[in-house]
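Here are some notes on the model below. Please read them with the coordinates open.

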Amino acid sequence: MSIRVSELSFHYGPRPALESVSFQLAAGRFNALLGPNGAGKSTLFALLTRLYALQRGEIEINGHSLRRHPARLMRQLGVVFQQSSLDLDLSVAQNLRYHASLHGLAGAALQRRIEQELARMDLLERLDDKVRNLNGGHRRRLEIARALLHQPSVLLLDEPTVGLDPQTRRSLNRHVRQLCGERQLTVLWATHLIEEIEPEDPVLLLHRGRLRADAPGAAICAANQVNSLAEAFDKLTGPEEAGQREQVA
Amino acid sequence: MNSYWFGFRGILGREFLRFISQRSRFLSALVRPLLWLLVFAAGFRAALGIAIIAPYETYITYEVYIAPGLCCMILLFNGMQSSLGMVYDREMGSMRVLLMSPLPRPFLLICKLLAIALISLAQVYAFLAIARPVGVEPPPLGYLTVLPALVLVALMLGALGLLISSRIRQLENFAGVMNFVIFPMFFLSSALYPLWKMREASEWLYWLCLANPFSHAVELVRFALYQQLNLPALAITAGCTLAFSLLAVAGFSPQRAARAR
């Protein structure tokens, strides 16, 4: 159960945002999408989530083409956007029920699922609280619970830790990794924070719309003859390397 | 089929919950037409004489004349404000949750417009209830017969708002929409004065008012409130609703979203 992206290119008018990007996510793993600001990460997310239409290339999730079977594909996808999309004036339960209704879920089974997801995120006791009264970390957890409510096989998170303190960031990262293990969930975690990535994580490194690396973190370090992913990141995205960047591994 | 029903129920439920959690917005939306009714109409009552015109069977006060226009004014403000919010939300927030649904986008957008329309009706009926002691006393059954007309008009204005704000980026703030859409639509219509009166003042202004779909929306509501069907007004309002909805949904496509960036 995975995402395959083939020869994906996208332009805003004459300005290229993505150029011939191809990759396949490792199924049931925590995949990191690493790139500096403006690398094309959010554009890639907008294409994966159908907020933008494909211009060139193909996206498949679990063998379903985004062009031909958008509905089937959206059922397989849970998304946490960079900017919060929760309704602050509604309660935790109301936000979750709204999302569930849009995915055709209702009734007693839904209530059980809501309780399960909130319990997993340690938010069950906040069920009737207004989202406005939750702190940033809890809101993010709620967004993850919401994204998992319709039991997708792929979870996309676009810089989910932006604006959170380091401790909350680590805890959220741990939670998502646990989910991968428990549910065989395929995760794509976009970030520009290298400390959120572990050496064995499959990493996609995006820079100026091009894929610079597609390999586990440790393999990228080895291929670039550096000791840390941070150094590899600098090497692959630094201005002095601009002319020599090639896809590694 | 169930998932369509759950989807519609969810969208309507959310709008309703937002509506009851934002009571101040409800009250402020009522203040505007009430000021027109209680202050403006009282002041102009002496200046403007209204002859007997359909659907009224006798001489009427100015308050009675402008009441249907003010009902439509509520729908106009709500429709534009909500649609503008939808466009803003597309990039920023909760609209993304809606667009991530596996249900077809045209269905989701129409549901959203319908939900906004149904919530606006509560404001219109609150306004009509307050207007009754002031002398706006349509027949009791009129409150029922006006309901489908109000829903249609609310849909038309919501779709128009969505169409305008998704295509004209410069109108992304509400002040722009007020100056270039709401005020011209409202003043160049039969909401405040009958069109024959406008014709006495200026022939071209009269034709401009006649070309304004809002005039026909107001007349549809005016006749329905007095248990009469204004067929030309219904045809024009329904036609405009359909056209605006189709164009608005097309304007919300992923292709346009990317091009607009």
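1. Some terms come first. Axes are lines fitted to C-alpha atoms, for helices over the stretch in contact, and angles run from 0 to 180 degrees between N-to-C directions. Helices (H or I, at least four residues) and strands (E, at least two) are DSSP runs, numbered from the N terminus.

2. This is a predicted model, where local features need pLDDT of at least 70, side-chain atom pairs count only at pLDDT 80 or more, and totals for chains, interfaces and linings use all residues. Residues are numbered from 1 along each chain as its sequence is written, chains are lettered from A and ligands numbered from 1 in the order in which they are written, and side-chain values use heavy atoms, with hydrogens and water left out.

3. Where pLDDT is low, the predicted coordinates should not be read in detail.

4. Confidence in chain B: the average pLDDT is 84, with 88% of the residues at 70 or above. Among the elements of chain B, helix H12 (residues 254–259) has the lowest mean, 59. Helix H10 (residues 213–225) of chain B has the highest, 95.

5. Within chain A, the axes of helix H3 (residues 92–102) and helix H4 (residues 108–120) come within 11 Å and cross at roughly 125°. H3(A) contributes Val92(A), Leu96(A), Arg97(A) and Ala100(A) to the contact, and H4(A) contributes Leu110(A), Gln111(A), Ile114(A) and Leu118(A).

6. H3(A) also packs on helix H1 (residues 2–21) of chain B, at about 150° with the axes 7 Å apart. The two helices are therefore roughly antiparallel. Gln94(A), Tyr98(A), Ser101(A) and Leu102(A) are the H3(A) side of this contact. On H1(B), the partners include Phe6(B), Ile11(B), Arg14(B) and Leu17(B).

7. Across the whole interface, 30 residues of chain B contact 30 residues of chain A. The buried area (accessible area, 1.4 Å probe, that two parts lose on being put together, summed over both) is about 2800 Å², and carbon and sulfur atoms give 62% of that. Val97(B), Met100(B) and Pro102(B) supply 26% of the area that chain B buries against chain A, more than any other three residues.

Note on methods:
Contact means heavy atoms within 4.5 Å. Angles under 35 degrees count as roughly parallel, over 145 as roughly antiparallel, 65 to 115 as roughly perpendicular and the rest as oblique. pLDDT is the predictor's confidence in each residue, from 0 to 100.
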